[in-house]
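I opened a notebook for a structure I had not looked at before.

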Amino acid sequence: MARINSSAIGQGSGSAGVITYRTVRGRTIISGRVRENKSRTEKQVRHRAAFGEAQRLGKELKEVIILGFDKTEFGSEYNNFIKQNWDYLDYIRTKGGTERDSEPLHNLWLALRDKEFKGKVVAALGAIKVTASFRWDADGLPVAQVVHSRNFQAGDRVTFVFGVTGLNFDQPFSQLVTVEKVLEEADIAGFAKGQKAVFEKGNCAQLDFRGLLPEGIEEMSVVAAAIVWTPGGVRSTSYYTALPVLPVVCTATEHKYVSEGKMEVRFASAEVFPGVLAREAVGASLRFPGLTEFQSYAVTGFVADGNGQAIGFVAEDKANLVYEPNPLGEASEACPLSKDGRVIALISGLKTPNVMS
């Protein structure tokens with residue numbers, strides 16, 4: 001392919017014989033005429049699948065790509081995004097592509113959680129470096145830890161990006177959400193270290209993006225990034241990361257002691273008791289509010305219905321102590337069920353157990 005700037009040719013376009021002319025940004029580009037190639041070797045199939053997935057992902061991330069990348073010398077912001085993320089395309093080639101009926105943001109989430117993917121996915125390319133990690137708090141809200149290459153200062157602007165996929169009334173759902181916070185002196189004073197900032201609901205209400213989504217999203221997966229801008233408009237280099245599986249939110253219908261220090265938590269049916277809990281609950285810890293402090297119960301087994309389907313779990317007080325019941329019997333706020341350092345479920349509707357059998 002050749003680029004020429006000739007008054008003799010002018011602004012060329014179209015094809016002549018085996019030569020194609022096209023004009024891009026005032027330059028005439030000459031290349032061999034592209035003809036349809038119907039061959040389907042394994043290498044070609046993998047290559048086409050990778051670029052097809054890149055196009056789908058680029059369409060989903062268009063807003064952030066324009067925000068986070070400059071145009072290349074002869075191409076677009078999208079071209080720059082692809083250039084910086086060859087590792088992801090190579091990963092897709094290696095895997096042989098992705099499922100066409102799976103949302104591209106979900107495929108990105110799967111890749112970022114796959115130990116075989118050794119690369120990074122660049123969300124923004126700039127002159128300063130930022131690293132960010134995300135987790136969920138006990139209320140199912142994101143918490144972001146952002147580390148800057150220099151100290152944060154008042155006027156810095158942080159753009160949080162959330163790529164959300166899941167099911168909405170059993171139909172695939174995908175949405176890109178961006179929220180922004182401009183730092184003030186009070187924010188800076190609240191950071192433990194000048195270069196490290198933790199953003200959570202107490203100091204960044206914008207992180208509660210759930211109000212921007214339709215109600216009833218299930219099986220949610222989220223990729224996230226934090227892009228930092230200086231007061232002068234200098235942008236950070238930032239990367240996407242995959243949040244852990246969002247905690248399941250469910251309501252218990254029955255909660256009682258069955259023996260000293262041992263309780264049962266039941267749900268209305270096997271459908272209400274989500275499959276993710278049936279797979280992961282054993283070995284998890286239920287944090288339950290006692291009269292004066294939180295108690296921790298270890299999940300040791302399941303409660304089954306007449307068909308042998310799990311509709312709840314058995315939890316035992318780790319200290320094997322029975323606390324005096326709450327005389328009001330009021331339902332507590334959502335109690336977190338945690339495993340391996342992350343919250344896998346938020347269970348509401350629990351009352352202080354007051355039944356012994």
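The entries below go through the sheet, a hairpin, the salt bridges, a helix and the cysteines.

**Entry 1: the model**

I note at the start that this is a predicted model.

Four strands form an open sheet, and their order is 9-8-11-13. The pairing in this sheet is antiparallel. Which strands are at the edges? I found strand 9 (171–182) and strand 13 (241–242) there, each of them pairing on one side only.

I then checked what packs on this sheet. Helix 5 (residues 104–113) does, and it touches strand 8 (157–168), strand 9, strand 11 and strand 13. The direction of helix 5 makes about 75° with that of strand 11.

Next I followed strand 11 (residues 217–229) to strand 13, where the two pair in the antiparallel sense over two bridges. In strand 13, T241 is the residue that stands opposite A224. As background, I wrote down that strands of a sheet pair through backbone hydrogen bonds, either parallel or antiparallel.

**Entry 2: the hairpin**

I moved on to strand 15 and strand 16, which pair in the antiparallel sense over five bridges. The two strands form a hairpin with two residues between them. G261 is in the turn, and I noted its positive phi of about 70°. One bridge I looked up here joins K256 to its partner E264 in strand 16.

**Entry 3: salt bridges on the hairpin**

How many salt bridges does a search of the whole structure find? The search returned nine. I looked at some of them in detail.

R266 and E254 meet through their side chains in a salt bridge, at 3.9 Å from N to O. This pair links distant parts of the chain: R266 belongs to strand 16 (residues 262–266) and E254 to strand 15 (residues 254–259), 12 residues apart. R266 also meets E264 in a salt bridge, at 3.1 Å from N to O.

Are these residues buried or exposed? E264 counts as buried because its relative accessibility is 15%, and buried means under 20%. R266 has a relative accessible area of 23%, so I listed R266 as partly exposed. E254, at 34% relative accessibility, counts as partly exposed. Salt bridges that share partners join E254, K256, E264 and R266 into one network.

**Entry 4: another salt bridge**

I also looked up R210, which forms a salt bridge with D208. The closest N and O atoms of R210 and D208 are 3.0 Å apart. R210 is partly exposed at 43% relative accessibility, and D208 is partly exposed with a relative accessible area of 35%. The general point I kept beside this entry is that side chains of opposite charge can pair when their charged atoms come close.

**Entry 5: helix 3**

Which residues are buried in helix 3 (residues 77–84)? I found E77, N80, F81 and I82 to be buried there.

**Entry 6: cysteines**

Last, I searched the whole structure for disulfides and found zero.

Notes: Residues are numbered from 1 along each chain as its sequence is written. This is a predicted model: local features need pLDDT of at least 70, side-chain atom pairs count only at pLDDT 80 or more; totals for chains, interfaces and linings use all residues. Side-chain values use heavy atoms; hydrogens and water are left out. A salt bridge is a side-chain nitrogen of Lys or Arg within 4 Å of a carboxyl oxygen of Asp or Glu. Buried means under 20% relative accessible area, exposed over 50%, partly exposed in between (1.4 Å probe, protein chains only). Two strands pair if DSSP finds at least two bridges between them. Contact means heavy atoms within 4.5 Å. Axes are lines fitted to C-alpha atoms, for helices over the stretch in contact, and angles run from 0 to 180 degrees between N-to-C directions. A disulfide is a pair of cysteine sulfur atoms within 2.5 Å.
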